[in-house]
Amino acid sequence: MTEMTTVTEAAAPAPKLPTLPDAQTVTEVKHWTDRLFSFRCTRPASLRFRSGEFVMIGLMGDPDPKTGKQKPLLRAYSIASPSWDEELEFYSIKVPDGPLTSKLQHIQVGDEIILRPKPVGTLVHDALLPGKRIWFFATGTGFAPFASLLREPQTYEDYDEVIITHTCREVGELQYSHDLIESLKHDELLNELIGEGFWKKIKYYPTTTREESPKMGRITDLMRSGKVFEDLGVPPINPQDDRAMVCGNLAFNLDIKDLLESYGLEEGANSKPAQYVVEKAFLD
Ligand SMILES: Cc1cc2nc3c(=O)[nH]c(=O)nc-3n(C[C@H](O)[C@H](O)[C@H](O)COP(=O)(O)OP(=O)(O)OC[C@H]3O[C@@H](n4cnc5c(N)ncnc54)[C@H](O)[C@@H]3O)c2cc1C
Ligand SMILES: NC(=O)c1ccc[n+]([C@@H]2O[C@H](COP(=O)([O-])OP(=O)(O)OC[C@H]3O[C@@H](n4cnc5c(N)ncnc54)[C@H](OP(=O)(O)O)[C@@H]3O)[C@@H](O)[C@H]2O)c1
């Protein structure tokens with residue numbers, strides 16, 4: 001009897017004190033493939049950001065062999081959740097020998113991560129002039145900022161059509177974007193907030209390059225051939241109607257930039273809104 005009382009008392013939840021600087025607690029982890037996972041964590045009360053921005057997140061690094069001191073190991077991450085969400089979501093690569101992600105991929109619910117609450121980035125609505133149609137071009141984890149913007153009411157207030165292209169090597173790497181877009185159809189809050197059936201404005205165009213799928217090829221090639229416009233039933237990109245946001249590897253970003261410029265679009269920035277904006281999904 002005594003023993004039982006003791007156990008019950010010990011099990012009473014004690015307030016958890018942050019042990020890391022800028023600590024946030026992991027609330028959900030999902031593994032999508034052996035290279036990709038997403039997770040959610042608590043959001044600092046003071047953190048305000050614009051959908052599409054990124055922050056620095058990480059873990060404490062290994063102790064210095066000489067001093068034993070540990071330093072934070074931080075990397076840039078796009079916030080995949082929208083600005084109104086009470087939690088934060090991230091979509092991450094697992095680089096086998098990556099200093100951060102070789103550890104980060106093992107986080108579990110209840111663990112703490114470091115989050116520096118200083119959001120920045122170019123993939124924001126403020127950097128674009130008004131238009132009719134917005135194109136989101138992503139490869140790999142470059143989908144993350146668009147996971148945020150696809151859940152942002154302003155996206156649907158500003159545009160009649162929202163086109164998201166996502167190119168990956170393999171089919172499994174498209175699951176996160178596929179499931180997220182499907183979930184919008186059943187999201188009661190967003191359907192109420194933005195308007196019933198808002199998701200009908202979305203045209204999702206997933207392609208793979210190294211594994212067979214219904215739509216194969218690099219999006220750049222499908223743009224050059226005109227196939228993507230034909231498939232989606234939209235006119236070729238033009239500076240009057242179309243706006244674009246791009247997030248992928250460096251070579252991809254440069255290729256899309258060239259294409260968008262060839263259609264007559266100009267690059268914008270927070271300080272000088274124009275017709276398209278670009279951000280790196282990772283540094284090479
Ligand atoms: C503005 C910005 C936003 C970013 N947002 C995200 C994000 O939302 N999700 C995310 O997973 N990463 C993102 N990154 C990359 C991220 O900062 C790290 O590079 C990544 O987490 C790997 O960290 P690491 O320490 O394990 O390896 P690192 O030493 O940082 O990288 C090792 C190598 O792995 C490759 N690599 C790194 N990141 C990726 C990636 N995302 N996809 C494919 N290959 C990669 C590169 O070849 C790199 O040289 C972003 C980078 C920038 C600059
Ligand atoms: N994805 C994997 O299964 C895998 C497995 C092991 C290691 N890695 C390593 O991880 C790193 C990143 O791989 P990742 O697949 O995440 O990203 P990635 O190399 O940027 O490729 C993602 C997608 O973007 C396409 N792409 C790349 N450059 C392009 C360009 N200039 N124009 C148009 N499309 C372009 C790729 O097509 P292409 O296929 O035609 O290049 C692929 O479909 C690489 O160093 C890779 O070697 C990847």
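How far does a backbone N or O atom of Ser 78 lie from an oxygen atom of ligand 1? The gap is 3.2 Å. Keep in mind that this is a predicted model.

## Around ligand 1

A backbone N or O atom of Ala 76 lies 2.7 Å from an oxygen atom of ligand 1, and for Pro 99 the distance is 3.5 Å. The protein covers 81% of the 870 Å² of accessible area that ligand 1 has on its own.

Ligand 1 has 20 residues around it, and the closest are Ala 76, Tyr 77, Tyr 91, Thr 101 and Thr 141. Strand 4 (72–78) gives the largest share of this shell, four residues, and strand 5 (87–93) supplies at least two. Sort the shell by class and you get twelve nonpolar, five polar and three charged residues.

## Around ligand 2

A polar side-chain atom of Arg 218 lies 2.8 Å from an oxygen atom of ligand 2, while Glu 170 has a side-chain N or O atom 3.4 Å from an oxygen atom of the ligand. Asp 255 pairs up with a nitrogen atom of ligand 2 instead, with its side-chain N or O atom 3.0 Å away. Of the 870 Å² that ligand 2 exposes when taken alone, the protein buries 71%.

Here the shell has 15 residues, and Arg 169, Thr 209, Arg 210, Arg 218 and Asn 249 come nearest.

## Where they sit

Conventions
Residues numbered from 1 in each chain as written. Chains lettered and ligands numbered in written order. Predicted model: local features only at pLDDT ≥ 70, side-chain atom pairs only at ≥ 80, totals over all residues. Heavy atoms only, no water. Near = heavy atom within 4 Å. Polar contact = N/O pair within 3.5 Å; in protein donor to acceptor, adjacent residues only side chain to side chain. Areas by Shrake-Rupley, 256 points an atom, 1.4 Å probe, with all protein chains shown as cover. Nonpolar A, V, L, I, M, F, W, Y, C, P; charged D, E, K, R; others polar.
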